[in-house]
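Colleague: Before we go through the details together, could you show me the model that we are going to discuss?

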Amino acid sequence: MTDLVVRKMAFRFDATVPFLWQPANPQFGIFCNAFTFIAVPFEKYIIAALRQAQDRLSTDPAVAEEAEAFLRQEAQHAAAHRKHMIALIEQYPGLEQCYDETVASYNDLIATHPVEFHAAYIANLEATFTPMFKVILDHRDSLFGGADPRVAALMMWHFVEEIEHRSSGLRLYRHLMPDPWYRVRHVRQTFRHVGAISATIAKAIDEHVPPAERGACAQDVMESALRSEFRYRIGKRSGPPPALHAVPSAHLLRMLWGLALSQLPHHDPADQPLPAWAETWMREYDRGTDMTTFVPKG
């Protein structure tokens, strides 16, 4: 029986949600806004791709149950981020074009690749979320402190649930494609595609959101994030600090090591260190706390 919980969250977004929702760290705010524009098409891609394999997934009741819970969680993520995305598009109509282009890019993947490729793509990308989101949740005070609680709560909820279903994508992949090296052979293609859609979104942000209302160059944030973090830590970067500047270098290096390990053929996210705060979030949800603005300190 799967342990995944499908939580229906009533997030509320409107034109009062600023693009610059994290004025203390515009770079991190841009990363999360771009994440919203990636999340909606990506979640739709997951659902469309795995529905193609529904008959094969249903041959094992445990796998079928995991797939259904995983897809239902992803559908909730898409619905919530769609609300945030629409609120931003209402303020900056030009951003709709990058959403349309990203959807078209994922539709092209669906049309031109077999379901095994989609399972590998999903497993590759989902495997990176545990080390990445652990760092973000572990340092939530410095990254989300002073931010608009609506967007901050959306991001933390999504990141917690990605930690919760960290092994789902890999489990479904292994059911559809027993060869672990097939996934590894498609790592480069996976992240080349993710990089291309990230660049499309960043370019649209820079074109349609005035500099004063975004606080940083989105293309710099999305295309040279790790290089900026490295240069900042060795004292060779001018300008504002990068998105993860408050994260200790040792923690950032552990994240990078975790990202590298996540693409090995026999990697399993279930064995990775987890953010203790994820359990705190789940306990608060179970208590009935309004998680749509839940941005606690400590």
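Modeller: Please keep in mind throughout that this is a predicted model.

Colleague: How many disulfides does a search of the whole structure find?

Modeller: A disulfide is a covalent bond between the sulfur atoms of two cysteines. In this model, the closest cysteine sulfur to that of cysteine 32 belongs to cysteine 98 and lies 16 Å away, which is too far for a bond. Cysteine 217 is likewise in no disulfide, with the nearest cysteine sulfur, again that of cysteine 98, 15 Å away. The number of disulfides found in the whole structure is 0.

Colleague: Is cysteine 217 buried, partly exposed or exposed?

Modeller: The cut-off to bear in mind is that a residue counts as buried under 20% relative accessible area and as exposed over 50%. Because the relative accessible area of cysteine 217 is 29%, this residue falls in between and is classed as partly exposed.

Colleague: Apart from its neighbours within four places in sequence, which residues is threonine 130 in contact with?

Modeller: Threonine 130 is placed in helix α5, which covers residues 115–138. Its relative accessible area is 2%, so threonine 130 is buried. Once the neighbours within four places in sequence are left aside, the contacts of threonine 130 are Ile163, Arg166, Pro269, Gln272, Pro273 and Leu274.

Colleague: What distance separates the C-alpha atoms of alanine 123 and histidine 193?

Modeller: Alanine 123 also has its place in helix α5, and it counts as buried because its relative accessibility is 3%. Beyond its neighbours within four places in sequence, alanine 123 is in contact with Gly169, Leu170, Tyr173 and Arg183. Histidine 193 is 70 residues from alanine 123 along the chain, and the separation of their C-alpha atoms is 14 Å.

Colleague: How much accessible area do Leu226, Leu253 and Leu256 have together?

Modeller: Leucine 226 lies in helix α13, residues 225–233, and is exposed because its relative accessible area is 51%. Together with Leu253 and Leu256, Leu226 forms a nonpolar patch on the surface, and the accessible area of the three together is about 280 Å².

Note on methods:
Residues numbered from 1 in each chain as written. Predicted model: local features only at pLDDT ≥ 70, side-chain atom pairs only at ≥ 80, totals over all residues. Heavy atoms only, no water. Helix = DSSP H or I, 4+ residues; strand = E, 2+ residues; numbered from the N terminus. Buried < 20%, exposed > 50% of the residue type's maximum accessible area, 1.4 Å probe, protein only. Contact = heavy atoms within 4.5 Å. Patch = residues over 30% accessible without salt bridge, like charges linked within 9 Å, V, L, I, M, F, W, Y side chains within 5 Å. Areas by Shrake-Rupley, 256 points an atom, 1.4 Å probe, with all protein chains shown as cover. Salt bridge = Lys/Arg side-chain N within 4 Å of Asp/Glu carboxyl O. Disulfide = S-S within 2.5 Å.
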